[in-house]
Amino acid sequence: MTAMAHEPLTQEEILLDGFLALDTPEGFRAELVEGETVVTPPPDGDHEHYISRIVRQVIKRSQTDMDFSGNKGLRLKKAEGCPKDHVIPEGTFAPAALELYRGADPWMPCQGVVMVMEVTSTKTTADREIKRRCYARASIPLYLLVDREISEVTLLGNPRQDDYRRRYSIPFGKPLTLPEPFAFDLDTSDFL
């Protein structure tokens, strides 16, 4: 029997293979973000309340009929020296006409996603900075961040390289204008 020579795995491939083989406890989420494995515990009720209120408004009020997926795994572009980011936003929105989620793999590409949403919990730096870079690098047009620590909702848009060029923040209780394809004012009065 002859042994076949194999190319040695790169550090990126080893890290990605190890991440994809993880078996997290029920309710926990594991993400690979800029070369780091991040495991998040199940969210509390207030966290889910914000998500519910936003999703309800987008479905009812958006100018374009939207599909929503909660906790959908996305494969994004990679940061320098890292494997592709594998993130799980609290929510992703895509035009319903695309049927983007139908038949999608657990880790799907992000093309067609028009907005991702995060609600801060224990790792605010990840949501405010690290994931912001990941979503911008992937050219996801809009990033909606509900920051519970400072009672503020931020909409980021116009992605370029590793960041968004536009940023609009409002305190909880004020309306936030979502641009097309949504084209309505998001009511945050129930966030108080």
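## Starting with a tyrosine

Is Tyr-143 buried or exposed? Tyr-143 counts as buried, because its relative accessibility is 0% (buried means under 20% relative accessible area, exposed over 50% and partly exposed in between, using a 1.4 Å probe and protein chains only).

A quick note before we go on: this is a predicted model, where local features need pLDDT of at least 70 and side-chain atom pairs count only at pLDDT 80 or more, while totals for chains, interfaces and linings use all residues. Residues are numbered from 1 along each chain as its sequence is written, and side-chain values use heavy atoms, with hydrogens and water left out.

## Rings that pair up

A pair of aromatic rings is described by two things, the distance of the centres and the angle of the planes. There are 8 aromatic pairs in the structure (rings of Phe, Tyr and Trp, the last by its six-membered ring, pair if their centres lie within 6.5 Å; planes under 30 degrees apart count as stacked, over 60 as edge-to-face and the rest as tilted). Take Phe-93 and Phe-182: their ring centres are 6.1 Å apart and their planes sit at 90 degrees, so this pair is edge-to-face. Phe-93 belongs to strand β6 (residues 91-95), while Phe-182 is in the loop between β12 (176-178) and β13 (184-186), so the pair ties together parts 89 residues apart in sequence. Helices (H or I, at least four residues) and strands (E, at least two) are DSSP runs, numbered from the N terminus. Phe-93 is buried, at 0% relative accessible area, and Phe-182 counts as buried at 0% too.

Now back to Tyr-143, whose ring pairs with that of Tyr-164: the centres are 6.5 Å apart and the planes at 40 degrees, so the pair is tilted. This one links distant parts of the chain, with Tyr-143 in strand β9 (residues 142-147) and Tyr-164 in strand β11 (residues 163-171), 21 residues apart. Tyr-164 is buried as well, with a relative accessible area of 7%. Elsewhere, ring pairs join Tyr-50, Phe-172 and Phe-191 into a cluster.

## A helix with a kink

Next stop, helix α3 (residues 124-137). Its 14 residues reach 19 Å from first C-alpha to last, close to the 20 Å expected (the expected span is 1.5 Å times one less than the number of residues). Look for a kink of about 40 degrees centred on Lys-131; the bend at a residue is the angle between axes fitted to the seven residues ending there and the seven starting there. Buried residues in α3 include Thr-124, Lys-131 and Tyr-135. Just after α3, Ser-139 takes a positive phi of about 60 degrees.

How many disulfides does the structure hold? The count is 0 (a disulfide is a pair of cysteine sulfur atoms within 2.5 Å). Cys-110 is buried at 6% relative accessible area, and Cys-134 is buried at 0%.

## An exposed aspartate

For a contrast, find Asp-46 in helix α2 (residues 45-61). Asp-46 is exposed, with a relative accessible area of 52%. Asp-46 and Arg-148 are 102 residues apart in sequence, but 9.2 Å apart in space, C-alpha to C-alpha.
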